[in-house]
Amino acid sequence: MATLDALKLTLRQSSLSATENETQPLTDAQYGSSFETLMQSSEWTTYQNFIAPQLSHLLLSRSRISILEIGPGPKSVLEYLPEHVKRRIKRYVAFEPNEEFGTKLEERLISGKQLADLRDPPTVHKTRFTLESGDADTGSSSQKFDIILFCHSMYGMNPKRKFIEKALEMLVDSPAQGLVVVFHRDGCLNLDGLVCHRTASFPAATVSVLDDNETLDRFTLFITGHTMKDAVTDELTRAKWRETCRALGSRKNEHSQRLEFSTPTIMAVFTRNATALSKLKATVPRLVEKETVKSREARVHQPAAIFKPTDIAQVQECVQWALKHDTGLTVIGGGHSGHCLWSGVVAVDMDAFDQINIVTDTSETQSSLLIAGSGCKTEQIIRKSMEAGKTVPLGSRPSVGAGICLQGGIGHLSRIHGLTCDAIVGAVVISVASGDIMCVGKVPEKYQPAGAVRPENEVDLLWVINGAGTNFGIVVSFIFKTYPAPIYSVHNWVVPLKSDRGAEYTIREFNTAIASKLPRKYSADAYLFWDEGQLQLGVNTFEIIPNPSRSSPLTALATPFLPASVTYGEPKHAKMVDGIGLFETEMYMSEMHGGHTGGKTSSFKRCIFLNDVGSEKISKLLVEAVQKRPTPFCYLHLLHGGGAIADVAPEATAFGCRDWDFACVVTGVWPREQDGEKSARDAIQWVYSVVRDLLPLSNGIYGADLGPDPRDAAFAIKAFGPNRSRLARIKESSDPNNVLAYACPLKNSIRDPRLILLITGEHGVGKDYCASAWKSFVSGYTHRERSFVASVVSISDAIKREYASRTAADTDTLLSNKREDRDYKEQHRASLTDYYQEQMKQRPKLPEESFLGAVHSAAGVDVLFITGMRDEAPLATFSHLVPESRVLEIRITASESTQLLRRGVKGDYSEYSIDDKTSRPDLKFANEMYGSTLAHNFAERCLAPLLHEGIEQLGSMVPSIPDFPRPGIEFRHVLDIAQRPEGLTLCTSLLRAHFTGDWNQVGAIACCEAGGFIFASALAVQVKVHLLLIRESGKLPPPTVSTARSPSYVSLSAGGKATKYSIEMNVEKIPRRKPVVLVDDVLATGKTLCAALQLLLKAGVNLEDISVLNVAEFPLHQGRKLLRDEGFGRVNVRSLLVFGGV
């Protein structure tokens, strides 16, 4: 898919022969029609999915906002913001040079529907914003703006730096510093040294244009910005432009009537500190070129500047400058990271810190420690350590730098010694919170810099350095434990694969007959690639031979692993090498595609962790991936895992993905001369597509490759196993200003809603009306001076916008809830459903994407109502995606006659029917009356308790205990509630209020030992209901009923045995034909709860008569999914508190 930038260049080249006298600028009418064509060509999808969410994040921290929008067109981008954000805007001014657009914009704004809370009428200047624009246009000299927006790539404004500097002069100074926000389409925004306060990107943006002559003529006019004066020449030029569009545009399929172009979009945010770079230039050496950066992905960016400090004090200068001017930094180690450079951001090159020393560890084992500066490369460290007969378990690429050490590091010693990060025992780090020098872990006294301190959170920092360290500080030097340097016996084979079936079988055979049989001293890698007209499987085996005689020549060859020889015959190559020679044995360096055409290629990769690569699903996906490669050089590399990698508990280090047999490196490769062209973009898209397809079958993602690209966000969720929440909390304390904002994303800076209510029900029951009524109730609800921000979103809005952008449908009408728009929506219902189903085939994770999109669109909201849901068991499906939000389902019902009256349109609505017998909503509301009285009464009775301040107070009584019950686990001490003054009383009161049934009808309160006993006992006393104790078998007198159960997550975390045991309760205490409430302290994996429910069923309690009350829930463990899978989805389960993490 060609970019709009490439199209513009080609179109302009085709009219280069025309002189200035032969061309003429667009008239207002031409500009207007061509601009609207661009907007209708799915450009508004970019506004909805990128620009509006980014603006919302910027505006949420402010109130009473004044905005100047430059070049908005006929419709302000602010209209796409959520209502609760738009209400903050109190003053609006715009410059719109197109007279017709200016009038339309004015009419929309004056109506009061779009920005209803403006204190003064909106002002629209129907003229260009120029370098002379200012007080005469915008009001008195005392009036400045909080936000100044350039939303259309600063069309026609050159030089752009001058216009941004002009806007900076028009910003307010307080109460919060003003912001200039630029959204730029296509390519990098080179601003000649201006420093960004913040940036974001949306590389997946596209424009989709109807392929007819009239539409293409309007479209190309906007792209080129001119017409030809001579009518004949103009017609010939337009015909040539249409041909160019059809040649460069992509189609989704051969029948598609639309041409698609890529429009990667970036956001750059500036404060008045944008011009402060000179202060840093005066104290720290600066690099002019980007030659130290090897990543082609990174080199496309235009950093504000690259600085190369030569001592620690200069690194501190860089950090302190960033803190003072409220901006970010990137760090260059080996230069392989795709995000070590970022447009408009200062980069710190650590290349000068390249010293390596080896010392004896006198504190314990007398083993050797290696101290390496963060500018050292893998080959330098291996060469220096080998001189002392030692090694460090590093990766397989000689020029890779320190960043990989901090984020994992997978190599051929990993199966015997663990990951690179596992060998780090200490580090010297510059704090990005203060600029202080910190010694973390084991740092020999000689190598502790003057003025260094031990941080209070040293345990946390050492933990994050072992697997996620690029996010938390700038590392100056590492301290590694070392191992005896081995030699390696290396053998490789290349196996032609003649058919798909044969390929899948060969992968399965490699996994079961070779890789899974290898002792730890061996590792086996596989490469899947296309060469010589067919699919090939390359296999490398590496045998580690310890303690060789350092004087012995590397001549004798060890015998290859026998099963490999039996399977593949004689190896193609066999070598005995040391740690340096090992680099040259990698197949991608020597065997594949002639060594990747002699290094004249560029690449892009992402890595995903897999088990059982020989399974039918995975092997088929791997084969299909290589068959669909967009260039001849793309390949898959399966790096052997297991062994010592899995010996470390997931929570013991930040690197939480430990349970995998192979790291599958998906690598897109293209000729270097095609950087930035279609082949490069297609290869990158191929990598993302392959990883997305494998993601549901994976055991995690390698975080080392991930960065601020929004396509990485979904992957980052799986990058750290169970450790993501703890990492996010440490990030908040260690980097509170988000100086290192361009590393692997850990968490959005804006929290998700505290309470999410999923509104479900059949078509015509009044879901949208009720949600709106309940939103009004919550927005007006005040409890002890605490007010709440509420919002309503439809989970289907995003897909409706996508559909509208690819058809002639009107977006506003499709999204409308007005009665007069129902006929129009009904006309598109079948087509919209077909479109959704087609998208589901292409994007199996579309429901999860839509849910998260709806949640993130409401950033900063306290209570979010989500409508439009058709998913079965939505709590079990979605709640783990928002582990720090409390999620409940409200099912709305109405009689068939009421539904028919409300629909107002006859039709088949069977697709909207709900017949889910495997789940049960938390709350039900019978909506049979018109008006809001019933809805308001329901809110008073059922929603108000959810907003009670006691919930927040109770949550504050649950402390977080790091490294308990073993290192790496952050323990939530729920039982501490009972040890707090009034804690048990408050908890009991809340449990009582959150039960939706009648306590007078309850026959018993059941509870499991030991946590459940505490909370259930207090509740039983208050509601006057007897207890039903569930204990481990043998602890209650007969008669009893028992069932088997698995150990809880907490028990396993504390080192308990994984064997099952039995639980029991007294038969005589079981009430007959009366409801039972089961109370427990924690819902995590759901195993304990499943066993308790099974016990109650076995004792004769009806499933419909059981309710569950938990004090706390940890959604990441997906306990609700287990309940549904085990047949308990229809049990009503309520939890007072929700915590992220484990």
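Me: Is E1068 buried or exposed?

Reply: First, the scale. Buried means under 20% relative accessible area, exposed over 50%, and partly exposed in between, with a 1.4 Å probe and protein chains only. E1068 has a relative accessible area of 58%, so E1068 is exposed. This is a predicted model, where local features need pLDDT of at least 70, side-chain atom pairs count only at pLDDT 80 or more, and totals for chains, interfaces and linings use all residues. Residues are numbered from 1 along each chain as its sequence is written, and side-chain values use heavy atoms, leaving out hydrogens and water.

Me: Where is E1068 found?

Reply: Start with how elements are named. Helices (H or I, at least four residues) and strands (E, at least two) are DSSP runs, numbered from the N terminus. E1068 sits in the loop between β42 (1061–1066) and β43 (1076–1083).

Me: Is A274 buried or exposed?

Reply: Use the same cut-offs. A274 has a relative accessible area of 0%, so A274 is buried. A274 lies in the loop between β11 and α9.

Me: Which residues is A274 in contact with, leaving aside neighbours within four places in sequence?

Reply: Contact means heavy atoms within 4.5 Å. A274 is in contact with L168, G193, L194 and V195, once those neighbours are set aside. Now compare R299, 25 residues from A274 along the chain. The C-alpha atoms of that pair are separated by 22 Å.

Me: How do I read a salt bridge, and which residue pairs with E100?

Reply: Look for a side-chain nitrogen of Lys or Arg within 4 Å of a carboxyl oxygen of Asp or Glu. The structure holds 35 salt bridges. E100 forms one with K104, and the closest N and O atoms are 3.5 Å apart. Both residues lie in helix α4 (residues 99–110), four residues apart, about one turn of the helix. E100 is partly exposed, at 41% relative accessible area. K104 is partly exposed too, at 31%.

Me: Which parts of the chain does the salt bridge of R272 and D173 link?

Reply: In this pair the closest N and O atoms are 2.7 Å apart. The bridge links distant parts of the chain, 99 residues apart. R272 is in the loop between β11 (265–270) and α9 (277–281), and D173 is in the loop between α6 (160–168) and β6 (179–185). R272 is partly exposed, at 37% relative accessible area. D173 counts as exposed, at 55%.

Me: Where do D705 and K605 lie?

Reply: They form a salt bridge, with the closest N and O atoms 2.9 Å apart. This pair also links distant parts of the chain: D705 is in the loop between α22 (678–694) and α23 (713–716), while K605 is in strand β27 (residues 601–610), 100 residues apart. D705 is buried, at 11% relative accessible area. K605 is partly exposed, at 29%.

Me: Which residues of helix α15 are buried?

Reply: In α15 (residues 458–465), D460, L461, W463, V464 and I465 are buried. The buried residues of α15 pack against α13 (402–406), β19 (424–431), β20 (437–441) and α24 (724–734). Just after α15, G467 takes a positive phi of about 135°.

Me: In which sense do strands β44 and β45 pair?

Reply: Two strands pair if DSSP finds at least two bridges between them. Strand β44 (residues 1106–1113) and β45 pair in the parallel sense, over six bridges. E1113 stands opposite V1138 in β45. Seven of the seven residues of β45 (residues 1132–1138) are buried, so this strand is largely enclosed by the rest of the structure.

Me: What do β44, helix α38 and β45 make?

Reply: Point the strands away from you. A crossover is right-handed if the path from the first strand over the helix to the second runs clockwise. Here β44, α38 (residues 1119–1125) and β45 make a right-handed β-α-β unit.

Me: How many helices and strands does the protein have?

Reply: The protein has 38 helices and 45 strands. Buried residues make up 57% of its 1142 residues.
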